[in-house]
Amino acid sequence: SGTSLAMQVLAAAGLEVAQDGMRPLDLDNPRGYFELEPVKRIRRDARFLEGCRGQVVKIVAPLPMELPKHFAYRVLFVERDLAEILASQRRLLERSGSPEGIPSEGPTDEALEQAFRSALDRCRAWLARTPEIPALFVDHRALLESTAESVSRIARFLEQTGDGARTADSAAVVRAQAAMIRAVDPALYRSRCGS
């Protein structure tokens with residue numbers, strides 16, 4: 001949850017996004033999901049990544065651990081309050097036709113939160129053990145509330161790891177970061193918990 005926002009920022013930076021449009025725009029994500037259907041099957045078949053060289057691919061935790069080792073990667077890891085993720089997922093289910101959201105026979109919010117937390121912890125630990133994959137952790141709320149600072153961190157990460165505006169033209173750098181900032185719309189931050 002929050003990954004579509006990160007994809008919008010990266011697209012605004014001028015990076016090419018691998019997406020197939022299989023999941024259409026909707027009220028939950030009016031700017032799009034930026035998804036690639038084969039990612040869901042990455043555990044069984046990761047050959048699609050061959051066609052994604054040089055592109056940004058949205059992969060949710062814990063699937064980065066399934067990435068084949070013969071490619072070079074960089075990870076922008078969006079962290080979001082788990083209560084907000086659950087609220088966002090519940091709203092998605094409600095809008096998709098389940099009037100009660102998550103069915104009553106399904107897992108409780110506490111069980112889902114524990115499952116999400118466990119998956120995130122495993123993914124963080126894997127990244128810590130995999131120094132050849134540079135990773136930047138970005139707080140979802142900070143991206144929305146301290147946008148310029150968060151965008152600056154993302155831009156530095158892209159430049160340091162091989163992308164971004166590595167140019168003597170400082171005006172190009174300023175334009176790219178301005179476009180990244182404009183891609184962030186705090187009005188779309190609807191599943192907000194706490195202050």
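This is a predicted model: local features need pLDDT of at least 70, side-chain atom pairs count only at pLDDT 80 or more; totals for chains, interfaces and linings use all residues.

Modeller: Residues are numbered from 1 along each chain as its sequence is written, and side-chain values use heavy atoms, with hydrogens and water left out.

Biologist: What makes up the protein chain, in helices and strands?

Modeller: The protein chain has six helices and two strands, in the order α-β-α-α-β-α-α-α from the N terminus. Helices (H or I, at least four residues) and strands (E, at least two) are DSSP runs, numbered from the N terminus.

Biologist: Why is H1 called largely enclosed?

Modeller: Buried means under 20% relative accessible area, with exposed over 50% and partly exposed in between (1.4 Å probe, protein chains only). Eight of the 10 residues of H1 are buried, so the rest of the structure largely encloses this helix. The eight are Thr3, Ser4, Leu5, Ala6, Met7, Gln8, Val9 and Leu10. Their cover includes strand S1 (75-79), helix H4 (140-145), H5 and H6. In the protein chain, 38% of the 195 residues count as buried.

Biologist: How do you know that Thr3 makes a polar contact with Lys58?

Modeller: A polar contact is a pair of N or O atoms within 3.5 Å; within protein, one must be able to donate a hydrogen and the other to accept it, and residues adjacent in sequence count only if both atoms are side-chain atoms. The side chains of Thr3 and Lys58 make such a contact at 3.3 Å. Thr3 lies in H1 (residues 3-12). Leaving out residues up to four places away in sequence, Thr3 touches Lys58 and Val60, where contact means heavy atoms within 4.5 Å.

Biologist: Why is H5 called oblique to H6?

Modeller: Helix H5 (residues 147-161) and helix H6 (residues 170-182) pack at about 130 degrees, with axes 9 Å apart. That angle makes H5 oblique to H6, because angles under 35 degrees count as roughly parallel, over 145 as roughly antiparallel, 65 to 115 as roughly perpendicular and the rest as oblique. Axes are lines fitted to C-alpha atoms, for helices over the stretch in contact, and angles run from 0 to 180 degrees between N-to-C directions.

Biologist: Which residues of H6 meet H5?

Modeller: Gln177, Met180 and Ile181 in H6 meet Thr147, Ala148, Val151, Ser152, Ile154 and Ala155 in H5.
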